[in-house]
Amino acid sequence: MVVSPAIETLLSSGRASAHLATSHNDRPHVAPVWYVYADSKLYLMTGGRKLRNMKENPRVAVSIENTRENYWAICILGTARIVTDREKVGEIRRKLNEKYTTAETDGGESSYEYRLVEIEIGSATRASG
């Protein structure tokens, strides 16, 4: 899908709050994630239940919201796949750290290994409040 220029601008701007919805046995699982929009796709690093769910069912939804100024929200439906290309993993990991890591969010450690997930966007709609 071609994402509209207006939505691309929002997806590429600043730090926004995002939530990824996956499904297991027809039951939703929603969790916060950091994301990067690049190459007309959404990228995120994740592991644990979210990753297991995506391996079983690659259909996902992502809700992204900016509450800081000029409120906006975007809902994305898409298909996820795990990226194994080491160069791409390094590139997106650097972009995620540049976008989100601050003194308050130090990028912390996790008990599970993260994988790079690429989300092919099927639809992206904007809501305003």
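Two strands pair if DSSP finds at least two bridges between them. The legends below use this term for a predicted model.

**View 1. The open sheet of 7 strands.** The strands of the sheet follow the order S2-S1-S5-S6-S7-S4-S3, and their pairing is antiparallel. At the edges are strand S2 (27-33) and strand S3 (36-38), each of which pairs on one side only. On average, neighbouring strands of this sheet are turned by 35° against each other, direction ignored. The protein as a whole has 3 helices and 7 strands, and along the sequence these give the pattern α-β-β-β-β-α-β-β-α-β.

**View 2. Strands S6 and S7.** Strand S6 covers residues 72-83 and strand S7 covers residues 115-127; the two pair in the antiparallel sense over 11 bridges. Leu-77 has Ser-123 in S7 as its bridge partner.

**View 3. Helix H2 and the strands it lies across.** Helix H2 is made of residues 48-56. The helix lies across strand S1 (17-24), S2, strand S4 (41-46), strand S5 (59-66), S6 and S7. Its angle to S1 is about 55°.

**View 4. The nonpolar core around Ile-76.** The largest nonpolar core contains 35 residues. Leu-11, Tyr-35, Ile-64, Ile-76 and Ile-119 are the residues with the most contacts inside this core. Once its neighbours within four places in sequence are left aside, Ile-76 is in contact with Leu-11, Leu-42, Val-60, Ala-61, Val-62, Ile-64, Ile-121, Ser-123 and Ala-124. In the protein, 39% of the 129 residues count as buried. Among contacts with a separation of 6 or more, 74% join residues 24 or more positions apart.

**View 5. Lys-99, a buried charged residue.** Lys-99 is part of helix H3 (residues 86-100). The residue is buried yet has no salt bridge. A salt bridge needs a side-chain nitrogen of Lys or Arg within 4 Å of a carboxyl oxygen of Asp or Glu, whereas the nearest side chain of opposite charge to Lys-99, that of Glu-98, is 11 Å away. Not counting residues up to four places away in sequence, Lys-99 touches Leu-11, Gly-14, Arg-15, Tyr-35 and Val-36.

View 6. Asp-26 lies in the loop between S1 and S2, and its phi is near 60°, a positive value in a residue other than glycine. Asp-26 counts as exposed because its relative accessibility is 76%, and exposed means over 50%. Asp-39 is placed in the loop between S3 and S4. Although Asp-39 is not a glycine, its phi is positive, at about 55°.

Definitions and conventions
Residues numbered from 1 in each chain as written. Predicted model: local features only at pLDDT ≥ 70, side-chain atom pairs only at ≥ 80, totals over all residues. Heavy atoms only, no water. Helix = DSSP H or I, 4+ residues; strand = E, 2+ residues; numbered from the N terminus. Axes fitted to C-alpha atoms, helices over the stretch in contact; angles between N-to-C directions. Contact = heavy atoms within 4.5 Å. Core = buried A, V, L, I, M, F, W, Y, C linked by side-chain atoms within 4.5 Å. Buried < 20%, exposed > 50% of the residue type's maximum accessible area, 1.4 Å probe, protein only. Lys, Arg positive; Asp, Glu negative; His and termini not counted.
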